[in-house]
Amino acid sequence: MMTSVDTDLIRVLGDPLRLQIVTLLAKETLCTTHLVEETGARQTNLSNHLKVLREAGVVETEPCGRFTYYRLRPDVIASLAGQFADLAEIARATAEANTKRSCP
């Protein structure tokens, strides 16, 4: 069981616009134009956020003519969810065992 969560990935997904992008990409593969329409964000701002998501490995790109499509990498999200599930299991076991450190 893991006892820590990928804090870099949480930081990446902690931004509201990036989380919105990830949510949209979970439903379909979209190009920047679609994401601008859906989010209302400026294209340059959106491109910067997509770069962060791409560098973190959360999304992958697919060139299509003069457009670039973005697709969510579900394995990355599943890995993060698994890390949280592991923490929840540890917390559940700790609560059942009533484990607490005594104060000095």
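At what angle do helix α3 and helix α4 pack, and how far apart are their axes? In this predicted model, helix α3 (residues 32–39) packs against helix α4 (residues 43–55) at an angle of about 110°, and their axes are 10 Å apart. Angles of 65 to 115 degrees count as roughly perpendicular, and α3 and α4 are therefore roughly perpendicular to each other. The crossing in which α3 passes α4 is right-handed. On the α3 side, the contact is made by Thr32, Leu35, Val36 and Thr39, which meet Gln43, Leu46, Ser47 and Leu50 of α4. By residue class, this contact of α3 with α4 holds four nonpolar and four polar residues, with no charged ones.

Helix α4 also has helix α2 as a packing partner. Helix α2 (residues 16–27) and α4 meet at an angle of about 75°, with 10 Å between their axes. These two helices, α2 and α4, are therefore roughly perpendicular to each other as well. Here Leu17, Arg18, Ile21 and Val22 from α2 meet Asn45, Leu46, His49, Leu50, Val52 and Leu53 from α4. The contact of α2 with α4 comprises seven nonpolar residues, two polar and one charged. Leu46 and Leu50 of α4 take part in the contact with α3 and also in the contact with α2.

His49 has a relative accessibility of 10% and so counts as buried, the cut-off being under 20%. Neighbours within four places in sequence aside, His49 is in contact with Asp15, Leu17, Arg18 and Ile21. Of these, Leu17, Arg18 and Ile21 belong to α2.

Definitions and conventions:
Residues are numbered from 1 along each chain as its sequence is written. This is a predicted model: local features need pLDDT of at least 70, side-chain atom pairs count only at pLDDT 80 or more; totals for chains, interfaces and linings use all residues. Side-chain values use heavy atoms; hydrogens and water are left out. Axes are lines fitted to C-alpha atoms, for helices over the stretch in contact, and angles run from 0 to 180 degrees between N-to-C directions. Helices (H or I, at least four residues) and strands (E, at least two) are DSSP runs, numbered from the N terminus. Angles under 35 degrees count as roughly parallel, over 145 as roughly antiparallel, 65 to 115 as roughly perpendicular and the rest as oblique. A crossing is left-handed if the near helix is turned anticlockwise from the far one by less than a right angle, and right-handed if clockwise. Contact means heavy atoms within 4.5 Å. Ala, Val, Leu, Ile, Met, Phe, Trp, Tyr, Cys and Pro count as nonpolar, Asp, Glu, Lys and Arg as charged, and the others, Gly among them, as polar. Buried means under 20% relative accessible area, exposed over 50%, partly exposed in between (1.4 Å probe, protein chains only).
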